[in-house]
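Welcome! Work through the exercises below with the structure open beside you, and try each task before you read its solution.

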Amino acid sequence: LSGPLGQAGIEHVAGMKAAFAELNHAGGVHGRQIRVEAKDDGYVASRTLQNITEMVEAQTVFALISPLGTANTAAILPLIEGKGIPTVGPVTGAPSLRSAEQRHVFFVRPSYRDESVRLVRQVVQMGLQRIAVVYLDNPFGKEVLRDMSQALNSAKVERAGPFALAVDGNNAAALADKVAAERPGAVLLATTGKANTAFMLAFRAKAPGVPLAGLSVAVIPSELPKLAASTRGLALTQVFPDATSQKSVVVRRFQATMKAVGANPTYLTSGSSLEGWLNAQVMIEGLRKAGKDLTRERLRAGLASIRALSFGDFHIGFGSKGPYVGSDSIYLAIYAENGRRLS
């Protein structure tokens, strides 16, 4: 709720709380109300572990939802599996966090590896060469860099870089100079948050015509307005429907919920809020399937039994064994200036 991804966390929690508020108003699940306790870790993995450990030891938490960040989720996985705590929707696509042995973690979004392959395929189809990768200098960025590099190597595409971007973005201007000097045909972004914004703004000032392409988390919704004209020619993978599209059934349902509970109107078109709302719907369905005599193991089994949770144009369902991943949908969004989405 603070730090480089703070606004994304705030919007994510807003969507989640809206879903639970609507449910509680209608009587809850099997007569029980859902209470959300949101903890801020500032995007610092050690604080994530401290927060969860304190709640588990105090026995104030039954299940977990939406831990945000790759390193943050990695820090708590041993605790989750060791204590048998059902966990829905970690906000990370890191393949390294997904293993067949996991019984208690239910990912909703597809993996960053799948997103990277989709993105590189697009670059190859466009005939672009000398591709640079700018990555956030943390576990998330380094893992995505590996996935992108493997995909580029398989495609036998000429490369430039890679280039490491500081988590706080303090080297963004200098890095933009280095990347521009390499004259890349395109730049892939293994980045996120405020650091990504700082780099994009600096790079666009140096090389306005070079295509930029990133994963779904590269530009978090709260950062999009800050980029202004710098979004021209930007391509991003998307793993959820466009939260601004009235054509989407799931988006209309999400927005109706947000309005009904009086959520911040600016969050009605937030992709982060939509993801939080969807994660909450998965948790609700798992609780319904768990039955009245609720235990953590019954909730785990209820979540694992979800095969086809449908929202009209978006579907979530888990396989019969770990790692449990609810969706494999990956779209590609192309932007004009000022965050205006073209497709």
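**Exercise 1. Find which residues Val-56 touches, leaving out residues up to four places away in sequence.**

Step 1: List the contacts, where contact means heavy atoms within 4.5 Å. Val-56 touches Val-61, Leu-79, Lys-83 and Ile-85, not counting residues up to four places away in sequence.

Step 2: Val-56 is found in helix 2; helices (H or I, at least four residues) and strands (E, at least two) are DSSP runs, numbered from the N terminus.

Step 3: Take one partner and compare sequence with space. Val-56 and Lys-83 are 27 residues apart in sequence, and their C-alpha atoms are 8.6 Å apart in space.

Step 4: Check the burial. Buried means under 20% relative accessible area, exposed over 50%, and partly exposed in between (1.4 Å probe, protein chains only). Val-56 has 12% relative accessibility, so it counts as buried.

A word on the source before going on: this is a predicted model, in which local features need pLDDT of at least 70 and side-chain atom pairs count only at pLDDT 80 or more, while totals for chains, interfaces and linings use all residues. Residues are numbered from 1 along each chain as its sequence is written, and side-chain values use heavy atoms, with hydrogens and water left out.

**Exercise 2. Work out whether the end-to-end span of helix 3 agrees with what it should be.**

Step 1: Use the rule that the expected span of a helix is 1.5 Å times one less than its number of residues. Helix 3 (residues 70-83) has 14 residues and should therefore span 20 Å.

Step 2: Compare with the model. The end C-alpha atoms of helix 3 are 20 Å apart, which agrees.

Step 3: Look for a bend, meaning the angle between axes fitted to the seven residues ending at a residue and the seven starting there. Helix 3 bends by about 40 degrees at Ile-76, and a proline, Pro-78, follows within four residues.

Step 4: See what is covered. The buried residues of helix 3 are Thr-70, Asn-72, Thr-73, Ile-76, Leu-77, Leu-79 and Ile-80. These buried residues pack against several elements, including helix 2 (45-57), helix 4 (112-125) and helix 5.

Step 5: Gly-84 follows helix 3 and has a positive phi, near 65 degrees.

**Exercise 3. Decide whether Thr-92 is buried or exposed.**

Step 1: Find the residue in the loop between strand 2 (87-88) and strand 3 (105-107).

Step 2: Read the accessibility. Thr-92 is at 0%, so it counts as buried.

Step 3: Look at its surroundings. Beyond four places away in sequence, Thr-92 touches Gly-69, Thr-70, Thr-73, Leu-97, Arg-98, Phe-107, Arg-109 and Tyr-112.

Step 4: Pick out a polar contact, that is, a pair of N or O atoms within 3.5 Å; within protein, one must be able to donate a hydrogen and the other to accept it, and residues adjacent in sequence count only if both atoms are side-chain atoms. The side chains of Thr-92 and Thr-70 make such a contact at 2.8 Å.

**Exercise 4. Find which side chain makes a polar contact with the side chain of Glu-337.**

Step 1: Go to the segment after strand 12, where Glu-337 lies.

Step 2: Check its accessibility. At 21%, Glu-337 counts as partly exposed.

Step 3: Name the partner. The side chain of Arg-232 makes a polar contact with that of Glu-337, at 3.2 Å.
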